[in-house]
Amino acid sequence: QVQLVESGGGLVQAGGSLRLSCAASGRTFSTYLKAWFRQAPGKELEFVAASRWTTDSTYYADSVKGRFTISRDNAENTVYLQLNSLKPADTAVYYCAAVRLYTGRYYDAREYDYWGQGTQVIVSS
């Protein structure tokens, strides 16, 4: 069973940056599809980014393209999300997620089997 723990959230000013990390346990985690989702207060869970190791592919929501970058360090069993040029609209709890098999529906939270507890990002104006 895979366990995920997020960290790196905090309070930043608009235009600032943060780097979130998601540390995982599990022998086969390195080949899993990994993703970040977020949920703002009173809003639906939203796809942010995903990383497919087997094809070295990444996917991003339109709202974060050019500003956020997903990356991974398989030796450390960790996935990262670099958040640049932050906006108040980015304020949310950010969740790391993973699944062993890629279905093509990387944007669908229902496809992911493993989730972290979330880390809070607050962007002030």
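Two strands pair if DSSP finds at least two bridges between them, and strands are themselves DSSP runs (E, at least two residues) numbered from the N terminus. The model shown is predicted, so that local features need pLDDT of at least 70 and side-chain atom pairs count only at pLDDT 80 or more, while totals for chains, interfaces and linings use all residues. Residues are numbered from 1 along each chain as its sequence is written, and side-chain values use heavy atoms, with hydrogens and water left out.

**View 1. Strand β9 and its partners.** Strand β4 (residues 33-39) runs antiparallel to β9 and is joined to it by 7 bridges, with Ala 35 having Ala 97 of β9 as its bridge partner. Strand β11 (residues 119-124) is also antiparallel to β9, through 3 bridges, and there Gln 120 is the bridge partner of Val 93.

**View 2. Burial of β9.** Because 7 of the 8 residues of β9 (residues 92-99) are buried, this strand is largely enclosed by the rest of the structure; buried means under 20% relative accessible area, exposed over 50%, and partly exposed in between (1.4 Å probe, protein chains only).

**View 3. A stacked tyrosine pair.** The structure holds 9 aromatic pairs, where rings of Phe, Tyr and Trp (its six-membered ring) pair if their centres lie within 6.5 Å, and planes under 30 degrees apart count as stacked, over 60 as edge-to-face and the rest as tilted. The rings of Tyr 59 and Tyr 102 are stacked, because their centres are 6.5 Å apart and their planes are at 15 degrees. Tyr 59 counts as buried at 16% relative accessibility, whereas Tyr 102, at 31%, counts as partly exposed.

Conventions:
Helices (H or I, at least four residues) and strands (E, at least two) are DSSP runs, numbered from the N terminus.
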